[in-house]
Amino acid sequence: MIINDHFKKFVLYEDLSLSSLNAFPPLFSSSLSSTHPCIEQCNSSKTIYGLKGWISPSDLWHSMTDEELMWRASMAPRIVEYPFNRTPKVAFLFLTRGRLPLAPLWEMFFKGHQGLFSIYLHTLPEFTYEPPESSVFYKRRIPSKLVQWGRATMIDAERRLLANALLDFTNERFILLSETCIPLFNFSTIYNYLLNSNQSFLSTFDDPRPIGRGRYNKRMGPTITLSDWRKGSQWFEANRELALAIVSDVTYYPVFRNHCVPPCYMDEHYLPTLVTKVCPNLTSNRTVTWTDWSGGGSHPTMFKRIDVTIGFLDKIRNGFNCTYNGEMSSICHLFARKFHPNTLLPLVKIAPKLLGFNP
């Protein structure tokens, strides 16, 4: 009885004390969600992000460093099936100094195909022009840095474009383009060609000449040997698996950055050598961007207004033979370069009939 009496007094004292201090409110109070600041913050739409915003970022601008960006972009789900209805897109990666002089042609190309493509622009850092909101290029610039021809900064820009595009999990194919590139077919043809291909399109070959093997630096060994050394076109197309391999590389890129300097050009050797070392089965060993090098020299032919004719474009479109998914095909090039800004008017005039663009 004495113990029981003391126990009642103790419980009563604790109950009154805690009640007055309100130190421990009921765990499952019906009014908790409206009064407790933590619950309000955690349930706020400002702090909770759904899957959609994470898998397909709408805002391309961010404050990540290149190192942070590559790390973030290298993430890949191990569960093969997506937990959402995924429509694969083609990511168009434009490596340019500033404005796209052939933008009206590209606007025609993309018209009516929203939801099937993404656009990313890497420009000079000081370039701030923003096209009209109605343009497909509106707010498609990514955080960019200065690029020097033939230097490691060129590869940095390409990897930066790939990494930003990889942040969107709906992007399945990635094509690198410049401001002088044009499409050779309509969007549906190019989209189906790329999405149905079982390989990427990145050229890689062993060039025994001084402008090939002659650029190899013995200091690259043993990580990269002369037998590993390859050359190829800068203008590549990659599927998601290959794109992930490129941005995830921390083994071969530093070697190239330190030892491949002019007259060794990283944009001609890094990716071909990397693919040969890491994933040779992922590429068809050819490019889908046609370039005319017949004139010789360090730069390809620049085509002017007088060069643009239906016959000229049709020869590029159907004048070659190649292998596509193990079978012969006359469609080998989907894009072409280099086209001067003054070619815009004849290209826009020819496009609806020859290329099948929506006028």
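Author: Let us begin with lysine 231, which is buried, with a relative accessible area of 10%. The term buried means under 20% relative accessible area, exposed means over 50%, and partly exposed lies in between (1.4 Å probe, protein chains only).

Reader: Before we continue, what kind of model is this, and which conventions apply?

Author: This is a predicted model, in which local features need pLDDT of at least 70 and side-chain atom pairs count only at pLDDT 80 or more, while totals for chains, interfaces and linings use all residues. Residues are numbered from 1 along each chain as its sequence is written, and side-chain values use heavy atoms, with hydrogens and water left out.

Reader: What is the mean pLDDT of the protein chain, and where does pLDDT stay under 50?

Author: pLDDT is the predictor's confidence in each residue, from 0 to 100. The protein chain has a mean of 88, and 86% of its residues reach 70 or more. Over residues 6-45, however, pLDDT stays under 50, and for that stretch the model has ten contacts beyond four places in sequence. A contact here means heavy atoms within 4.5 Å.

Reader: With which residue does the side chain of lysine 231 meet in a salt bridge?

Author: A salt bridge is a side-chain nitrogen of Lys or Arg within 4 Å of a carboxyl oxygen of Asp or Glu. Lysine 231 meets glutamate 268 in this way, at 3.9 Å from N to O. The pair links distant parts of the chain, 37 residues apart: glutamate 268 belongs to helix 11 (residues 266-278), and lysine 231 to the loop between helix 8 (187-195) and strand 5 (237-239). Helices (H or I, at least four residues) and strands (E, at least two) are DSSP runs, numbered from the N terminus. Glutamate 268 counts as buried because its relative accessibility is 17%. Both residues also belong to a network of salt bridges that links Asp207, Arg209, Arg215, Lys231 and Glu268.

Reader: How many salt bridges does a search of the whole structure find?

Author: The search finds 14. Aspartate 168 and lysine 89 are both buried. Another salt bridge joins arginine 213 to aspartate 206, with the closest N and O atoms 2.7 Å apart. Arginine 213 counts as partly exposed because its relative accessibility is 38%; aspartate 206, at 35%, also counts as partly exposed.

Reader: How far from arginine 230 is the nearest side chain of opposite charge?

Author: For charge, Lys and Arg count as positive and Asp and Glu as negative; His and the chain ends are not counted. Arginine 230 is buried yet has no salt bridge, and aspartate 206, the nearest side chain of opposite charge, is 4.8 Å away. The residue sits in the loop between helix 8 and strand 5. A polar atom of the arginine 230 side chain lies 2.9 Å from the backbone oxygen of serine 227. Beyond four places in sequence, arginine 230 touches several residues, including Phe205, Asp206, Glu268 and His269.

Reader: Is helix 7 enclosed or open, and how many of its residues are buried?

Author: Because 14 of its 15 residues are buried, helix 7 is largely enclosed by the rest of the structure. Leucine 167 lies in the loop between helix 7 and strand 3, and it counts as buried at 9% relative accessibility. In sequence leucine 167 and proline 57 are 110 residues apart, but their C-alpha atoms are 7.2 Å apart in space.

Reader: Which backbone angles deserve attention?

Author: Most residues other than glycine have a negative phi, and most peptide bonds are trans. Here asparagine 285, which is not a glycine, has a positive phi of about 65 degrees; its place is the loop between helix 11 and strand 6 (289-291). Asparagine 325 likewise has a positive phi, of about 55 degrees, and lies in the loop between strand 7 (322-324) and strand 8 (327-329). The peptide bond from glycine 221 to proline 222 is cis, with omega near 0 degrees. A cis peptide bond also joins arginine 337 and lysine 338, where omega is about 5 degrees.

Conventions:
A polar contact is a pair of N or O atoms within 3.5 Å; within protein, one must be able to donate a hydrogen and the other to accept it, and residues adjacent in sequence count only if both atoms are side-chain atoms.
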